Amino acid sequence: MKPLCFLLSTFVLVLCACGDNEKKGAIVSDELAEKLFLRGDSLFEANDYIQAIEQYRQSLQLYEQKQDTTGMSDCYFQMSTAYHRIGAFNLSIDMVKKCLYLDSLTNNTENLSSSYNTLAALCLSAKDLKSAKKFIDKAIELEQQTKNQENMSSRYGLAAEIYTKAADPKEGLSFGQRAFELDSIRSDTANMGKRLSQIGDAFAALNQFPEAEQAYLDAAKLLSHTSLMNSICINYKQLGHLYDKTNRRQQALYYYEKSVEVARQYGLNYLLESDLSRMAELYGDTDRQKGYLIAREALQLKDSIYNEKIQMATQEFSARYDLVTKENKIAEQESRIHSQRAWLIAFNVFFLLLILAVAAYFYIRYIKREKQRLNVKYYHALTRDFNADNNDVSHISIGDDVISTTEADRQFILKVDDVIERHLDNSSLSSIRLSQELCLSQRQFNRKMKAITGIDTGTYIRDRRIMKAKQLLRDSALTIGEIQAVCGFESPSYFSKVFKDVEGISPSEFRKTKNN
């Protein structure tokens, strides 16, 4: 009996140890996948897209092992963006389609709309206008279910551009006007300027030149107060093209030169080359020497752009070759792993049956009691660890006391706080605006905020508003209504509700307490 008891005790301990190791292994795997993904984000921000893709792919393999569809979708989305940056449009579209399939499994409407919108933009870049129209229509249909005005404005804006280029300017004009109305409601100056420029394109395609001119001029005024240099340059170029088309040579040259100035300053070579080529033609009749110099510069730029395209094509071929090679290696590794797992499972099953055959009759009740006791003990230990982890994370992002793992994370949060402070009175401030200000995709920004602070972006913005409100309640003579407006809350009642939810007391009670 004693040897049998010892054998059973050993077996129970082995089972528990295996269970613990599997749980620890799963936690380590999740942490490694997250680290690889964030490392890919860092390389992406440093414009090292090839290495970023490699990190995302390694992270993807770990998420696939865990069957984490959300993590897999994020990896495919970031890989798509990186492939797009190196000009590998086909690979980029393939990645978004995989992302779209995973989003359809989770039935996440917002992510599905975002994926369709990205597919439409990629097809527009690849000049596949038929597919672009199909995908943007689907994105708009899905976005109408979420009723997110900022996202809907973005969808309408892209639809305006696609339909105008697809020889349907009337529909493009309708989409552009709807996008402008939504941006006007939110007083979004930057997007209002972009929408007016898109409306101008539609009017120009309809040969309604006075309306197009007015839309472009209004867009130039709005965009001049933003940092959207690409949009500013394109708008000047479109104005120059409009005046050129209506035989107003001097005005055309003026706006071509403004477009060239912006393009040269910010390195927008593809716009600079086309502007210089047209300017050389316009100067050719009146100032041949100047026209010759401009034409020579345009030809040099054209050669440079051609070389860049050759380099991008080489990178795309290399990326495709690496992808196929690594997929073959992964398939071989998975085959070996499956074979090893089969042998291991067979051995464990045999050992388990042997032990159960010997011990089942005498110790079945004892095993059940011991297993139940160990499970309860493990559950309580796991609950304590989980609560402790949550308590630690909650201290990561309290106001200015952001505790980050690296100096780069601390600097990133300081930039986020600066943007929030500048737009604090804007009640519609969201992760979309913050990601645009910091030149990141919305998914990448939200994921980075979650990794650093432990809370979602909306909660972080709310906490910053409440912090500012507490400061003003304590240190200023402003009324509660004025503080509500300064801190970006839509109404005094909503301000009081949110403040009480966070602090446990109303703003007026907080002010009285602090004064006493």
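Residues are classed here by relative accessible area: buried means under 20%, exposed over 50%, and partly exposed in between, with a 1.4 Å probe and protein chains only. The structure is a predicted model, in which local features need pLDDT of at least 70, side-chain atom pairs count only at pLDDT 80 or more, and totals for chains, interfaces and linings use all residues. Residues are numbered from 1 along each chain as its sequence is written, and side-chain values use heavy atoms, with hydrogens and water left out.

The chain holds 21 helices and 2 strands. These elements are DSSP runs, numbered from the N terminus: helices are H or I with at least four residues, strands are E with at least two. Of the 516 residues in the chain, 40% are buried. The accessible surface of the chain is about 29500 Å², and carbon and sulfur atoms account for 54% of this surface. Areas were computed by the Shrake-Rupley method with a 1.4 Å probe; for residues, only the protein chains shown count as cover. Contacts (heavy atoms within 4.5 Å) were also examined by sequence separation. Among those between residues at least 6 apart in sequence, 57% join residues at least 24 apart.

Salt bridges were considered next. A salt bridge is a side-chain nitrogen of Lys or Arg within 4 Å of a carboxyl oxygen of Asp or Glu. The count by this rule is 26. One of them joins Asp 74 to Arg 447, at 2.5 Å from N to O. Asp 74 lies in helix α3 and Arg 447 in helix α17 (residues 442–453), so this pair ties together parts that are 373 residues apart in sequence. Asp 74 is buried, at 15% relative accessible area. Arg 447 is buried too, with a value of 15%. Both residues belong to a salt-bridge network that also includes Glu 34, Asp 103 and Arg 443.

Partly exposed residues form salt bridges as well. Arg 422 pairs with Glu 437, and their closest N and O atoms are 3.9 Å apart. This pair links distant parts of the chain, 15 residues apart: Arg 422 is in helix α15 (residues 407–422) and Glu 437 in helix α16 (residues 431–437). Arg 422 is partly exposed at 45% relative accessibility, and Glu 437 is partly exposed at 34%. Glu 503 pairs with Lys 470, with 3.4 Å between the closest N and O atoms. Here the linked parts are helix α20 (residues 492–503), which holds Glu 503, and helix α18 (residues 457–475), which holds Lys 470; the two residues are 33 apart. Glu 503 has 31% relative accessibility and counts as partly exposed. Lys 470 is partly exposed, at 24%.

Helix α7 (residues 149–165) has 17 residues and spans 24 Å from first to last C-alpha, close to the 24 Å expected at 1.5 Å a residue. The expected span is 1.5 Å times one less than the number of residues. Of its 17 residues, 13 are buried, so α7 is largely enclosed by the rest of the structure. At the start of α7, a side-chain oxygen of Asn 148 comes to within 3.1 Å of the backbone nitrogen of Glu 150. Arg 155 is located in α7 and is buried, at 6% relative accessibility. Beyond its neighbours within four places in sequence, Arg 155 contacts Ser 113, Ser 114, Asn 117, Ile 136, Ala 139, Ile 140 and Glu 143.

Ala 167 follows α7 and has a positive phi, near 65°. Most residues other than glycine have a negative phi. Ser 187 also has a positive phi, of about 55°. Ser 187 sits in the loop between α8 and α9 (189–205) and is exposed, at 56% relative accessible area. Gln 67 has a positive phi near 55°. Its place is the loop between α2 (49–66) and α3 (69–85), where Gln 67 is exposed at 66%.

Pro 169 belongs to helix α8 (residues 169–185). Pro 169 is buried, with a relative accessible area of 12%. Its C-alpha is 7.4 Å from that of Phe 203, across 34 residues of sequence. Leaving aside neighbours within four places, Pro 169 contacts Tyr 163, Thr 164, Ala 202, Ala 205 and Leu 206.

Terms used. Polar contact = N/O pair within 3.5 Å; in protein donor to acceptor, adjacent residues only side chain to side chain.
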